[in-house]
Amino acid sequence: MYIKDASLLIAAMNRFLAYIQDEDKRAMMKKLIDAAFYIEGKSKISSEAAKGIYGEILKGSTSQFEKYAACAFSYYMQYGLKLEERQERKVEFFDIGNIVHTALEIYTKRLLKSGKKWQDLDEEQQKQNAEQCIEEAVEGYKNGLLHDTKRDEYMIIRLKKLMNRTVWAITEQMKLGKFDTVTSELSFDVVENDDNVMHLIGKVDRIDIMKENDKSYVKIIDYKTGKKQLSLSDMYYGLQMQLVIYLEAAKNHAEKEAGRKMIIPAGVFYYNIDDPLLEGKIDPDKLPDNILKQLRMEGLVNEDDPVLPSIDSNFLTESGELPVKTKSIVAPFETDKDGNLKKNSATVQTKQFEDIIRYTRKNISRMSGEIMNGTTEVNPYKKADSTRKTACDYCAYKDVCRFDVRIPGNVYRSLKKLSDDDVLNLICPKEDEE
Ligand code: SF4
């Protein structure tokens, strides 16, 4: 540092020495010096303290472990110390999602109870049932939160419209496939017991099964509000493990139900709850397909026979080959002019699905070991891609963690975006490695 006027430096040093020698000011000076030369270290609690906080057995959902994968300190704040933001009594965006979610659960359970399939109800019956389910869901939501004002009344009308669209779209998707819904809101509690004991808990929104000969094909669907996509790169880093774990729970459930039948993973999907607006002039005959295209599920599909045509009958051909230049309106796959799956199709083979499940289970087991060892490190990720997304973007603990890249020792964990092929190469052992 170049100081133009040495007298200023001398004056500052004299002031500093005077403060240090002053009994009353010494403590404050020490704090200032510590702050100026503070270096963030790896924070940790003892494994005894971790046991005191989490108990002998760590119990958590996949989204809790995703939080840990994003930043260990934010996990510790939320699930260790249980620090929560103050809840306000107003209807938020996520309330809309929660209500439609509950209404869908009621709708599906009613279908299952009456032994009906989605496609057994015509559009009028769908609408009638969907609206009743919204009324029931609203009634039970946060002690009738949505009954106070004219705005709430309008909100209920919007909710019914959204629910009608959702039930219609799911019914159309089911009509195009050969799967049937067998369970709604399946709760699971898996006990993991290698080196550390833990309970992995969760609830699968919907499980669909197709039985063929001695095999059962299983797919799971998670309802989301907003646009959620599955990224294998995020799955690799532990930021998106939910669908994979849900698939495993669904497979276990199907195994118990189906006895000795072979259970094959068919796909994991997000259904993004929405009522899309279509722009421009659209031929009325093409309107339903255009809406379905907008509501196409995201996720990962098993490309091995006979899954694709069983999910979308537009892929069923007499020759048994895939059709040319066809894009599914149900799930994320499409073919090129030669009938090959296009690169942007989100598909894997059966064995790769199994490897993904195995890898994710291992990842969660590693994290639970670290948590029980007392890791509470401030270690947020930052994506090294065009999004530059970080774990801190919407974190409620910004004021507590003191993470600031200007302070030495505070650095983001940089996560390089991996292609699907990179991820599969990393986690799927080659035949001779097994
Ligand atoms: S703000 Fe960032 S560093 Fe701080 S707790 Fe949240 S995720 Fe971690």
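Is N314 buried, partly exposed or exposed, and how many other C-beta atoms lie within 10 Å?

A: The model is a predicted one, in which local features need pLDDT of at least 70 and side-chain atom pairs count only at pLDDT 80 or more, while totals for chains, interfaces and linings use all residues. Residues are numbered from 1 along each chain as its sequence is written.

N314 is partly exposed, because 16 other C-beta atoms lie within 10 Å; a residue is called buried if 20 or more other C-beta atoms lie within 10 Å of its own, exposed if 12 or fewer, and partly exposed in between, with C-beta atoms placed from the backbone. The residue belongs to the loop between α12 (307-311) and β7 (347-348), where helices (H or I, at least four residues) and strands (E, at least two) are DSSP runs numbered from the N terminus. Once neighbours within four places in sequence are set aside, N314 is in contact with P323, T326 and S328, a contact being a pair of residues whose C-beta atoms, placed from the backbone, lie within 7 Å. L300, in turn, is 14 residues from N314 along the chain, and the C-alpha atoms of the two are separated by 18 Å.

The loop between α12 and β7 also holds K325, whose phi is near 40°, a positive value in a residue other than glycine. K325 counts as exposed because it has 11 C-beta neighbours inside 10 Å.

Another positive phi in a residue other than glycine is found at N213, where the value is near 50°. N213 sits in the loop between β3 (197-212) and β4 (215-225), and it is exposed because 7 other C-beta atoms lie within 10 Å. S114, in the loop between α6 (93-113) and α7 (123-140), is likewise classed as exposed, since 9 other C-beta atoms lie within 10 Å.

Of its 94 residues, A103, I134, M163, I220, Y246, A250 and V268 touch the most other members. I134, leaving aside neighbours within four places in sequence, is in contact with I99, A103, I156, L159, K160 and M163.

As for the whole, the protein has 15 helices and 9 strands, and 33% of its 434 residues count as buried. Among contacts between residues at least 6 apart in sequence, 72% join residues at least 24 apart. The C-alpha trace spans about 90 × 65 × 50 Å along its principal axes. An automatic or database domain assignment divides the protein into domain 1 (6-32) and domain 2 (42-88 + 178-434), and the centres of domain 1 and domain 2, taken over C-alpha atoms, are separated by 56 Å.

Key. A nonpolar core is a set of buried Ala, Val, Leu, Ile, Met, Phe, Trp, Tyr and Cys residues joined through C-beta atoms within 7 Å. Two residues are in contact if their C-beta atoms, placed from the backbone, lie within 7 Å.
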